[in-house]
Amino acid sequence: DASPVVVHRVPDAASGALLCGVLEGSGITAVLRSTTLPGYGLVPRDWSSTSWGEILVPAAAEEDARELIGEYLAALASGGPVRDEEVE
């Protein structure tokens, strides 16, 4: 199945771009998709959306992408600078 899968939901565009960069830096193709309606500001495209957007990756990369995002967010939560070698 070549359909992309959602691996993480993000609160804003900046967070999404940052996490997509982390994935792409590790060789995983990632797409940031807004959950809002184009041209309507912050109006969600459906009422079940609770985040600004979603990060999608190829299904084959789902497990690796979730692991990388988890490691990156854990490194951020521990405080201090986050270096590439801490996320690989």
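Biologist: Which hand does the crossing of H1 and H2 have?

Modeller: The crossing of H1 and H2 is right-handed. A crossing counts as right-handed if the near helix is turned clockwise from the far one by less than a right angle, and as left-handed if anticlockwise. This is a predicted model, in which local features need pLDDT of at least 70 and side-chain atom pairs count only at pLDDT 80 or more, while totals for chains, interfaces and linings use all residues. Residues are numbered from 1 along each chain as its sequence is written, and side-chain values use heavy atoms, with hydrogens and water left out.

Biologist: At what angle do the axes of helix H1 and helix H2 cross?

Modeller: Two packed helices are described by the angle between their axes and the distance between the axes. Here the axes of H1 (residues 13–25) and H2 (residues 62–77) cross at roughly 120° and come within 10 Å. Axes are lines fitted to C-alpha atoms, for helices over the stretch in contact, and angles run from 0 to 180 degrees between N-to-C directions. H1 and H2 are therefore oblique to each other; angles under 35 degrees count as roughly parallel, over 145 as roughly antiparallel, 65 to 115 as roughly perpendicular and the rest as oblique.

Biologist: Which residues make the contact of H1 with H2?

Modeller: H1 gives Leu18, Leu19, Val22 and Leu23, and H2 gives Ala65, Leu68, Ile69, Tyr72 and Leu73. Contact means heavy atoms within 4.5 Å. These residues divide into 9 nonpolar, no polar and no charged.

Biologist: Which residues have the most contacts inside the largest nonpolar core?

Modeller: In soluble globular proteins, nonpolar side chains tend to be buried together. The largest nonpolar core in this model has 15 residues, and Leu23, Ile28, Ile55 and Val57 have the most contacts inside it. Such a core is a set of buried Ala, Val, Leu, Ile, Met, Phe, Trp, Tyr and Cys residues joined through side-chain atoms within 4.5 Å. Strand S1 (4–10), H1, strand S3 (53–58) and H2 each give two or more residues to this core.

Biologist: Is Ala65 buried or exposed?

Modeller: Ala65 is buried, with a relative accessible area of 0%; buried means under 20%, exposed over 50%, and partly exposed in between (1.4 Å probe, protein chains only). Leaving aside neighbours within four places in sequence, Ala65 is in contact with Val7, Leu23, Ile28 and Val57.

Biologist: In what order do the elements of the protein chain run?

Modeller: From the N terminus on, they run β-α-β-β-α-α. Helices (H or I, at least four residues) and strands (E, at least two) are DSSP runs, numbered from the N terminus.

Technical notes:
Nonpolar A, V, L, I, M, F, W, Y, C, P; charged D, E, K, R; others polar.
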